[in-house]
Amino acid sequence: MNMRIVLHIWRQRNRTAQGQMVRYELPNVSEHMSFLEMLDVLNEELTRKGEDPVTFEHDCREGICGCCGFMINGVPHGPQRLTTVCQLHMRHFRDGDELWLEPFRAAAFPVVKDLMVDRSSLDRIIAAGGYVSVNTGSAVDGNALPIIKQCSDMAMDAASCIGCGACVASCPNASASLFTAAKISHLALLPQGQAERDRRAIRMVAQMLEEGFGYCTNAGECEAVCPKGITLDNIARMNRDFLKAAITYLEETAAAGGA
Amino acid sequence: MALNLDAKIPSGPIEQKWDNARFEMKLVNPANKRKYSVIVVGTGLAGGAAAASLGELGYRVKAFCFQDSPRRAHSIAAQGGINAAKNYQNDGDSVFRLFYDTVKGGDFRAREANVYRLAQVSVDIIDQCVAQGVPFAREYGGVLANRSFGGAQVSRTFYARGQTGQQLLLGAYQALERQIDVGTVEMFYRHEMLDVIVVDGRARGIVTRDMVTGAIDVHIADAVVLGTGGYGNVFYLSTNAKGSNATAIWRAYKKGAGFGNPCYTQIHPTCIPVSGDYQSKLTLMSESLRNDGRIWVPKKEGDTRKAGDIPEAERDYYLERMYPAFGNLCPRDIASRAAKRVCDEGRGVGPGGKGVYLDFAESIGRLGRDKIAERYGNLFEMYAKITGEDPYQDPMRIYPAVHYVMGGLWVDYNLQSTIPGLFVLGEANFSDHGANRLGASALMQGLADGYFIIPYTLGNYLAQVKPGGVDETHQECVAAKTEAEQQMKTLLSIKGKKTVDDIHKELGKVMWEYCGMGRNAQGLEKALGLIPQIREEFWKNVNVPGSGEELNQSLERAGRLADFLELGELMCRDALVREESCGGHFREEHQTEEGEAKRDDEKFCHAAVWEYQGADSAPARHVEPLNFEYVHLAQRSYK
């Protein structure tokens with residue numbers, strides 16, 4: 001069945017330009033299309049008309065690379081739960097629907113063009129400590145360190161984060177707490193992550209604030225929109241680690257003669 | 001100019017070659033490492049692991065990716081797992097067995113010494129990834145879990161749910177971010193490589209385009225490492241990410257790097273079929289589904305009844321019929337070709353008749369719905385999301401799709417291309433997989449190359465050259481930059497009537513029809529006539545809107561398509577000359593009486609390496625002979 005869909009899309013030439021919503025009408029949208037394929041069709045049409053096609057980020061179109069994401073009627077990735085926008089299909093919409101598409105909005109996510117934003121702030125949070133410092137070649141045998149299956153499974157749950165930024169876009173404070181907590185939890189739940197656990201919590205949280213993300217006030221919007229089901233208890237774990245580290249880690253530094 | 005195809009295979013018995021090579025390699029002393037700069041292009045498993053490891057060693061690394069973050073590389077989409085010869089299951093695995101399986105699975109078209117080394121370092125990869133905190137699946141006792149995969153007779157595959165590629169890539173990405181933090185690696189994201197700079201016969205840098213500002217720049221280094229992935233998108237529709245492209249390796253080819261076995265393509269049998277003209281990519285459904293699903297089509301041509309209305313007696317379970325021993329579990333290339341055959345006979349199902357059923361009714365009846373949901377729940381969900389159909393009620397529809405390329409830039413044992421100082425890793429090189437890659441081996445190769453091979457072989461190269469000596473004003477740099485700028489201007493000035501995708505789809509149709517699952521001389525010759533026409537049309541009639549001084553996704557795609565339009569022709573040329581069937585390359589003229597691939601070891605037991613001879617001349621074909629001393633040549637059989 002084919003539908004008529006009206007799109008209002010945020011168009012903005014570059015980071016500093018003034019943006020605005022522009023209305024487009026698609027008279028013949030197949031229910032089997034993905035949302036991004038509908039935008040492909042629109043872009044082909046715009047190109048033929050000599051207009052500038054709509055810029056949006058995408059790559060794998062399988063819901064795993066984390067490239068895609070924008071707001072559909074105020075919701076990151078649109079209405080279907082646990083689904084990135086590349087996996088959202090038009091059969092979930094109705095003939096005549098009117099949709100407003102906007103980029104993820106946050107001070108730490110400047111708009112690059114149209115629906116595309118710069119999320120390199122998330123990379124810098126990882127660079128501040130989202131790893132185990134182990135050089136290539138210095139590992140012991142993989143089975144030398146038994147890991148409780150439940151811990152490993154919970155670490156995997158947290159590690160499933162795709163870094164799309166939907167959590168930030170949905171948060172009234174534009175906080176990156178769910179993203180940061182997912183990485184802190186992933187490594188805190190594993191024995192490999194213990195040596196740097198305090199340092200990691202301190203540095204990653206500090207970097208999050210440095211980038212201009214807000215504080216978490218437990219609104220819970222992030223969990224509701226996360227396409228990978230990352231849960232709020234990760235934030236609780238991050239806060240616990242941060243608090244503990246804020247006391248013990250600084251004391252250690254002081255004992256060693258101060259920073 | 002003839003290519004130097006000395007594979008530099010080290011001396012000694014196969015199990016000692018890598019040790020011998022490492023001992024003979026020259027070293028760069030720790031204090032001198034920071035004097036050397038290295039460019040790494042691509043941040044997937046191969047490039048990401050390489051950039052991180054080289055940074056750890058103390059080299060000054062510049063890493064580049066076209067995505068908005070190094071974590072997005074397409075390695076992330078790999079589902080199944082990674083092989084390693086750990087023998088944790090006590091089931092008879094060994095380095096030699098993994099080596100043997102890989103050589104045989106590749107239909108005897110890979111270099112033995114490389115494959116053996118791959119099997120050797122596979123065990124180190126698992127240790128390294130565990131140490132990084134990769135959450136591999138575990139047993140209740142806390143040890144690592146394994147499964148068998150891709151028809152292997154041992155359980156050697158390590159996995160992290162259906163997201164193994166994601167977790168391994170995040171491990172490499174985090175190691176890379178750590179080096180960025182300490183300043184050994186400078187990261188350039190949203191940068192696309194447009195050319196390699198060769199000075200006095202050595203790779204000395206690259207030309208890039210900043211995809212946000214459009215600025216075209218030169219970056220200089222003492223060596224260049226490409227980990228830029230495969231070129232499956234030459235077919236337009238594939239399981240690759242939309243951005244996956246051949247530009248880096250193709251431009252290197254045009255600067256003198258030999259291209260190995262371009263025609264070797266892997267077509268995966270279990271993907272979700274095309275649903276319409278707007279289709280932008282194809283989605284893989286893990287081949288583990290074939291463990292419990294039965295594949296069939298109606299016996300009658302053009303049967304339009306619903307699957308449930310077709311009685312048992314009127315169904316053709318063709319894999320079970322044709323391959324009674326392996327049945328639905330026969331290898332990827334065999335299953336793919338059989339699906340194409342029944343669809344070509346007019347017995348395909350679904351829109352356009354391009355699909356076959358993968359039916360779980362019998363398994364659900366035998367094991368119960370819950371058991372099936374436990375095994376494949378996430379895959380069933382994904383299928384339902386994309387198609388809007390419930391695979392618990394109605395059989396899935398599947399069709400083969402392009403998934404991986406075994407071809408790529410030719411490299412010697414040290415992963416160095418025919419251009420000194422240009423190293424190629426992962427899917428971008430012509431690989432250790434011969435003519436067919438086994439499941440769960442792509443991740444293994446990418447990480448082996450990046451973590452455990454390039455840190456040694458690159459050091460050996462750098463120890464023999466002086467750092468520096470070239471800057472951005474060198475005439476080769478200026479020429480390469482000017483050429484790249486000129487191409488952008490040309491693409492923007494055509495202002496024709498067709499979009500980039502219009503033309504890419506035309507190329508894809510030709511490639512799929514004539515250089516896909518089944519190939520023959522007549523079809524390949526036809527394609528060799530059609531592709532230059534499409535290419536001409538592109539350069540006359542493409543419409544790239546916008547300008548070059550801004551973010552312009554149409555311009556990015558146009559540049560990539562320009563290269564696919566040349567690469568596609570080389571693939572057909574290679575497929576035409578290779579008058580045999582091997583692995584993923586099936587020449588219809590060369591099959592056994594039962595319709596299986598028939599190799600010609602007399603004439604084709606070699607890697608074909610193509611050398612660019614200029615835009616107006618045909619490329620030259622050279623060969624690297626392959627010797628099989630440890631795994632003896634034999635015909636594969638799955639009856």
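This is a predicted model: local features need pLDDT of at least 70, side-chain atom pairs count only at pLDDT 80 or more; totals for chains, interfaces and linings use all residues.
1. Basis. Local features need pLDDT of at least 70 and side-chain atom pairs pLDDT 80 or more, while totals for chains, interfaces and linings use all residues. Residues are numbered from 1 along each chain as its sequence is written, chains are lettered from A and ligands numbered from 1 in the order written, and side-chain values use heavy atoms, without hydrogens or water.

2. Cysteines. The structure holds zero disulfides over all chains (cysteine sulfur atoms within 2.5 Å). For A:Cys60, the nearest cysteine sulfur is that of A:Cys65, 3.7 Å away. A:Cys60 is buried, at 2% relative accessible area (buried is under 20%, exposed over 50%, partly exposed in between, with a 1.4 Å probe and protein chains only).

3. Aromatic pairs. A:Phe109 and A:Phe213 are edge-to-face, with 5.7 Å between centres and 85° between planes. Both sit in loops of chain A, so the pair ties together parts 104 residues apart in sequence. A:Phe109 is buried at 1%, and A:Phe213 at 4%.

4. Charge over ring. The charged end of B:Arg147 sits over the ring of B:Tyr159, 3.9 Å from its centre (NZ of Lys or CZ of Arg within 6 Å of the centre and within 35 degrees of the ring normal).

5. B:Ala335. This residue is buried, at 4%. Beyond neighbours within four places in sequence, its contacts (heavy atoms within 4.5 Å) are B:Pro269, B:Arg290, B:Leu319 and B:Cys330.

Notes: Rings of Phe, Tyr and Trp (its six-membered ring) pair if their centres lie within 6.5 Å; planes under 30 degrees apart count as stacked, over 60 as edge-to-face and the rest as tilted. Helices (H or I, at least four residues) and strands (E, at least two) are DSSP runs, numbered from the N terminus.
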